[in-house]
Amino acid sequence: MFAFLVRRLGQAILVMLVISILSFSIQDELGDPLRELVGQSVSEEIRNQLRDELGLNDPFLVQYWRFLKNAVQGDLGTSYFFKRPALDVILDKLPATIDLVVAATFWIILFSVPAGMFAAIRPNHWLSKLCMGLSILGISIPVFLTAIFLIQIFAVNLGWFPAYGRGDTVVLFGGWETSLLSLDGLSHLLLPSVSLASVILPLFVRIIRSEMMEVLETEYVKFAWAKGLSKYRIWTVHAFKNTLLPVITVGGVQLGIMVAYTILTETVFQWPGMGFMFLEAINRVDTPLIVAYLIVVGLIFVITNTVVDIIYGLVNPMVKLTGR
Amino acid sequence: MTLLNIENLEVTFPLRSGSVTAIRDVSFTVDQGERIGIVGESGAGKSVSAFAILNLISKPGYISGGRIEFDGTLLSELDESTMQQIRGNRISMIFQDPMMTLNPVLSIGTQMEESILAHRKISRAEARNIAVDKLRAVQIPSAQKRLKQYPHELSGGMRQRVVIAIALLTDPQLIIADEPTTALDVTIQAEILELLQNLCNEFNVGLILITHDLGVVSQVTQKIIVMYAGAIIEQGDTENIVTRPKHHYTRGLLKALPENTTPGEKLNQINGVMPTLQDIPHGCLFHNRCDMVKDVCRKVQPNLQGIASHSVACHFPISYEE
């Protein structure tokens, strides 16, 4: 296990290096930060002076090396717009995004597991067919459209839930703000989290269903029937545990992808998270913030994948987590 | 004493292109502690007959006729939850491929304990003791240690021993073994068969051994049933069937065994293939492959005739001069 983690750390550093090169190299293509920084009235001479001060006239490799040295020390540059360290800005927004992803994951697990299992066990039941039909619909409708529909129906027409913003938050230890612990926060969270879940949830239902149908046909499930076990034990222990293996692999990647989907959801719901911030940063050509965001998201991907591999190793006895 | 009595069993599979009768008019009995073998080619209906006993035929198949009586109870009339109490408890099964039979993500211990706990109201620790006992009975070394292991850590022969141990856990009266040695090495086959035979003797357990290998059954069983295209065509004491087969098909099977051929000569084989269930021929099921076929064979289906120790479904059975 220790060797596995060391090896994983090595891989993670490599991946992060590649991400940093990629994200750092696009920053020159995003427009002139000086224009956003100083406005129209500043003369070309002062602009050039500022460019020199910011190091924007240095060769790419020099700039990248400087960036890398700072990044290792936790300094991902200073946001032009906020005039604060980019990492601090992102970390301020991170709890809101985490809230959203946690709530969406909750919906996904809550509904996909029973729906997928039921659809596998009773494939011809009308409820299964309904689930499968809805899941096609869910996959097909883009997330921003779902979000707009939800706002129109539940916020505008019915007025049950607020249409934007984060509502009251509760501060946990270490200054971490969460909407999950206040009623107002939860009511603000409901629509955004449902719309974020709407794309991934159907995918999970379909994966669980098809994997479980395959497992139910295996010899060891037939043997379990012949052993006279109760059907609930066969479905939940014998079949579902084996169904989980591929679901974990695919699911881990999907959780990472969900971070990407938050950009759309957060924008529609004006949710003050990382995704919303990223879109604003692009509009403002706030390159340090953009680069920092890409690196943080890359890091989140690497961490989720490692956690997924560890969980997979725990569920599957045939996998030993080794350093090789 | 009769343990299992099957009369006129019929299993049907409704398909889109009309329904197919997988087995027809199958009747046989198993006495307490008796070992019988069911022999036939793939698709002859051996496994379907066995799974029908436990009402575990794969959907959409169902028992469309006949009765199955086990130890005085009509199994064909039991509801699902009572049936569940018989499965793996009073009637156990052993499957063909030990690589596939054990659940890969559950430990051997878990898979053994759950089998006991499903049928006995005892503690986990007691169940574990029984499991260790049975692992010793099937001659698995360091039985205690095995409980923590997973199927992939054991060899094929070991796994089949574990499966046999699972079948024995609840001291069943009958074990149905569906081709238990087909997936194993020849050397391991003999060991497993001997083990199975000894255990059935020791615990007085009835055994239904399903196989396509006449050589295998003749070593282990007291009675043999030969199935062909979903029906029994010959049945009787092992001695009679092996030395004096009356059906031309059975004789063909015996002749095809490598040990009955002179080395260097070509193996004997029966011409043609078994008819599929969709086009069962009129008259005798075997007539289009039989060397001795006469007109009557093409028109009239022969019934199983003879005595309990040897009966055959053939118009012109092979006769032996005493």
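Figure 1. B:Asn5 stands opposite B:Thr29 of E2(B). Strand E1 (residues 2-13) of chain B pairs with E2(B) in the antiparallel sense, over eight bridges; pairing requires at least two bridges found by DSSP. The model is predicted: local features need pLDDT of at least 70 and side-chain atom pairs count only at pLDDT 80 or more, while totals for chains, interfaces and linings use all residues. Residues are numbered from 1 along each chain as its sequence is written, and chains are lettered from A in the order in which they are written.

**Figure 2. The open sheet of chain B.** Four strands follow the order E2-E1-E4-E5 with antiparallel pairing. Strand E2 (20-31) and strand E5 (73-74) of chain B are the edge strands, each pairing on one side only. Strands (E, at least two residues) and helices (H or I, at least four) are DSSP runs, numbered from the N terminus.

**Figure 3. Helices H1 and H12 of chain A.** The axes of H1(A) (residues 2-25) and H12(A) (residues 287-315) come within 9 Å and cross at roughly 155°; axes are lines fitted to C-alpha atoms over the stretch in contact, with angles from 0 to 180 degrees between N-to-C directions. The two helices are therefore roughly antiparallel (over 145 degrees). Residues in contact (C-beta atoms, placed from the backbone, within 7 Å) include A:Arg8 and A:Phe24 of H1(A) and A:Val291 and A:Thr306 of H12(A).

**Figure 4. The contact between chains A and B.** Chain B gives 23 residues and chain A 18 residues. Helix H2 (80-86), helix H3 (98-101) and helix H4 (108-117) of chain B each supply at least two residues of the chain B side.

Technical notes. Two residues are in contact if their C-beta atoms, placed from the backbone, lie within 7 Å. Angles under 35 degrees count as roughly parallel, over 145 as roughly antiparallel, 65 to 115 as roughly perpendicular and the rest as oblique.
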